[in-house]
Amino acid sequence: MVRKKPGIVELMEMHPLPFKPRALTLAIAAILISSQPINQVMAETTLSPEEQWNCSVSASSNGWSCSVSPVRQGDLRRAPRPAPIVTGEGYSRSAANEPAPAATTKARAHLKQQLDWVSRERLPEQEKNQLEQDMPWCDGRYIEPDRPGKHFKGNSETAPIVAESDQSSYDEESVATLTGNVTLRQGNRQVQADIARLDRETNFAELEGNVVFREPGTLLTGDHGDMMLETGRATVKDASYVMHQAHIRGDSSEIIRNEDAVLELKDATYTSCKPGDNGWKLSGDSITLDPNTGFGTATDAVIRVHGLPIFYTPYLYFPIDSRRQSGFLYPSFAFGDENGFDLTVPYYWNIAPDYDATITPRYMEKRGLLLENEFRYMNESGKGEVGVAGLVNKDQLEKENPYQDKDRWLANVRYQQNFSRRWTADLDYADASDKNYITDFGSSLKLSSTAPLNQKIGTEYQGGSDINFWSLKLKAQKFKNMSQTSDDPYNKLPQLVLDGHWQLGETLNLDYLADYTYFQRADKWRFLRENDHPDFPNPEIKQSEYDKGFGIKRAQGGRTYAEAGISYPIENLWGFLTPEVKVRSVNYNLKDLVKADVTNDLEGSYGTNNINANDFSDSPKTNAASFALDSGLFFDRLTNLFGNAYTHTFEPRAKYLYVPHKENQEFNPNFDSGASSFSYGSLWRDNRFNGYDRIGDTNQVALGFTTRLIDDSGFEKMRFGLGQILYFADRKVYIASNLGQQGRPVDDITDNYVGLDDRTKNELTNSTSPLASEFVYNFNRTMSLRQDFSWNTNENRVDNYQLSYQWNPEDRKVVNLGYRFQDRVDRYILNQNDKSTGITTGNNLNQADFSFAWPLAFTRNWGALGRYQYDMTNKRNLEQLAGVEYTSCCYQVRMFWRSWIESDDNIDHPDPKKGIFLQFVLSGLGNITGNSGTEHLQGIKGYKIREK
C-alpha cells in the first residue's frame, strides 16, 4: 500500500509488482502518477496537505488502483514525520527497528563540520570504556548514528526504495520534485538533501542543498550532487567525507562514489586528525580510497604537519586498513660517521594471500649498495621464510675496517611443517660472512648480533595416548658463533632423542629418556687473540686463553645418555608422597683427544699429584643410580586481613635425594653442561648440573615450605617460600667457573680437594646449602613485587639476590625497578706484556635497573620514557635512555637519546655508543621514518609500542 500523509510521500513494498524491484524508483519519482494503469487519471498534479493517496493492487494485478481522499483531523495531530515500516529482503518489522527521525536541514549543515565525531565527554559509558582501551589518547571517535537501514543485511541494489519529504510535485516529463528534508533510502544506503529531483526514465536523482550520503562505514556531505538510484553511483560537490572504521576524514572539490564503493576525490585532503585539527594532512590533485582492497592512492601528494610541507611525491600508495598490498614502504634515511648518507627504500610485494616478500635496497655512501630480501609463506600445514642480504659490491669503507674490499652477506631460512597432528618438521638455518655483519649493518631478518646463528634441521613424532605417550626427535644442529668474546659452542651432528611416560597400573609411573648426540666443532673453535686473527686488530682487546697442555677441551665425538625412573605417587587432598628410583648412564666415544700429563704446576689441576696421559680414555663412561623421596602437606584456613577475606595456605615440603659419587668424571668432556644457578626452585632438583656431562653426587634432604594468600576469585595475593638443603656427605663432582681465568679447567675432583680455591672447596664441603627464599606480592592485578634471595649461612654472605617491582596499570603506563646481585669468582686478567702473569679483579654481578613510560600529568597525549642501568662492580653505565613521545588520534612522535654498551664489549675497554632517535608515525598513513630505534625500547618491560 502507498499512502500520502501531510507533507510526506512514502512507498512500501507490500505486494509483488509486475516490474523489477529497481523500477520502484519510477514509482517514487512519479509519486504513483505515471504511465502505470490507474483506474482514474488524476487531473491534479500536486496533493494538498489536506489530501492523501489510498492505493492498492488493482483487480487485474497488473497495476495500482489509487484515489484521493481527505485526511482526518486526527491524522493531522500525529507526529510530523512518522517512521515508515518497509518489508522486504533484509528488513525487520519489529518496533525495535523503527527508524529515528530524519536529520533537519540545520542538523545536516552542522554535520559537514562535525562529521559524526563524538567527543569523549558525550560518548556512552560503554563506548567511552572501549575508547580508553583501544585509543586512550583520543578525544573521541567517529560514530555513525542509528538510522533506518543501517543494519540491513541483504543486497541494497535489489532492495525497495523509500522516499520521504515535506512536499512533493511532479511534471509531465516524469520528473518528481521532493522538497524539504528529503530522504531516499535503499537497503543500507541513505541520501538526504533539501531538494531532490527524480527522473523516472533514467533513475537519476539531482540533489541540492546540504547533501548527505550514508552507507555503513562511510559518510559524504556536500552542497549539491547527484545519484544513479539503480547502481548507487553518487557525486557530491564541495564535499567532506569520513570513513568511520579507518578513522580518516578529508575534504574534496568533488567526490565520486562508484558502484563498487570506491571513492574518487579531486583536489582533496586526507587525515586521521579529528575535525578542526590539522596536525597533519595529505593533499593531492586526486586521491582514491578503495575499501575493497584496503588501500588508497594519491597523485601530486604533499604531506603537511601543522601546515608545514615535509614530504612530496608524485605518487603515493598507502593503507587505509590492516590489509596487505604491494607497494613501496616509507623510506628511512640517516647520517653517520661509518656509513655516511644512508638511505633505505623498502618495497613490499603481496604475491598471493599466502605469499609475500619485502625487497629492501639500501644505499650507504661509504660502503656501497646493500640489498636485503625476505620471502614469507603460510598455509594450513606449515609456514616459512627465506632471507638474503648483502653488499652488491665489496665493502668500500676504508677507515678501521678489517673487511675492506671483502664480500659481506647474511642469509637465513626458517620452515615449519605439520605433516600430521603428530608429525612435525622444522628448519632454522642462518649464516653470515663474518661475526660483525649484523653489528655493522643490522637486519630485519630477526637475528641477533651476539647469540650464535642457529643452523638446525629436525623432525619430531609424538605417539601414544594421553596417559601413555612418547616422542621421537631427530635433528642436526650447528652454531655460527657471532660473539667476539666466547669460544665456539659444540655442534650436534646429529642428535636423536626418545622420551616418554608409561603408566603401569593406576599409580606406578615409568619415565624414560634416551639421547645420542655427536658433538663436533671446527678446528678454529677457540676465542683467539688479536694477534691470531685479522678480524680483531684492536690491541686493547683482552681475553682468556686455555692452557694448551690440557686437551680434554679439544675432544670431539659421540655421547649416549639414558635415564629411566620409576615413581609411585600417593596423592591426597591433604598431601602427597612420591618415592622414585632412577638410573642414569652416560657413555662417550671420543676422538681428537690430546692426551698429556697434567701436574700441580698447572692452575686448576684435579687434586692429584699427577695425571698421566694414559689416564685419559677415548671412551669414558659414568653410570649412577639415585633414590628420591618427595613429600608434602597442604594446610589451609580462612582468614581476614585488612577487611578482605583470603584462603591462607601452608605447604611444608621435604625431599630426600641420594646419588652416589661416581669417580673419574674429570675425564669426561664437557660438551654442553654447566652449574645451575641456585634458587628456591633448585631445592627440588635431582641434579645440580644442567646437561648430561656431569652427574652430581649427593646425600641430602631439602626442607622448605610455601605459604600463600588467595582471594575468593582465585587470585594469588601473596606467595612466600623458604628452604635449605642439609647435606650428609661432601660432594665430589663440580664444574669450575671459567669466567676468564687462565687455565681454569672444567673438571671434577678427588677426595683431597688439592688445587681448589677456598670458595669452591667450601661449596663442596659445607653441610648446608645457602638458604633460599622467594617472595611474590601482588598489590593488585597491575602492580607486583618479586624477590629471590639466597643467603650463604656458612660464610654469612649473599649468594644471589634479585628484587623487581612493576606497576603496569595501562599499556602506556609502566614503572620498573630492579636490582640484581650474584656472587661470582674473580676474573683473571692477563698481563699483555708478560702473559705468564696477571691479576684478579672482582667479577660479581651487581646491577641496578630503573625504567618507565608514563603520560605527563597535564595531558593524556604527552608521555615520557626512560631507562637507567648501572654496573656497580665495574662502575659503568650500561644504558641510559631518555625521551618523550606525543600520541594522538592524529599522529605519534617519539624522540629519545640513548647511550649504551654492547653486551659483548670488553669489560675493561668498552666502546660506548650514543645516538638520538626520532620516529614520526602518521596515524592512518604509516611510519615515515622507519623503525628509528624502537627496538631499543624493549628494555622497558611492559611498555607496548602502540602505532598504526
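A nonpolar surface patch of about 800 Å² is formed by Phe419, Trp423, Tyr461, Trp470, Leu472, Leu474, Leu496, Leu498 and Tyr516. Patches are made of residues with over 30% relative accessible area and no salt bridge, with nonpolar side chains (Val, Leu, Ile, Met, Phe, Trp, Tyr) joined within 5 Å and like charges within 9 Å. Two or more residues come from each of β29 (469-480) and β30 (491-504), and β29 gives the most, with 3 residues. Strands (E, at least two residues) and helices (H or I, at least four) are DSSP runs, numbered from the N terminus.

The model is predicted: local features need pLDDT of at least 70 and side-chain atom pairs count only at pLDDT 80 or more, while totals for chains, interfaces and linings use all residues. Residues are numbered from 1 along each chain as its sequence is written, and side-chain values use heavy atoms, leaving out hydrogens and water.

Phenylalanine 419 is found in the loop between β26 (409-418) and β27 (423-432). Its relative accessible area is 44%, so it counts as partly exposed, the class between buried (under 20%) and exposed (over 50%), using a 1.4 Å probe and protein chains only.

There are 2 disulfides, each a pair of cysteine sulfur atoms within 2.5 Å. Cysteine 273 and cysteine 890 form a disulfide with sulfur atoms 1.4 Å apart. Because cysteine 273 lies in the loop between β15 (263-270) and β16 (280-290) and cysteine 890 in the loop between β52 and β53, this pair ties together parts 617 residues apart in sequence.

Technical notes
Areas by Shrake-Rupley, 256 points an atom, 1.4 Å probe, with all protein chains shown as cover. Salt bridge = Lys/Arg side-chain N within 4 Å of Asp/Glu carboxyl O.
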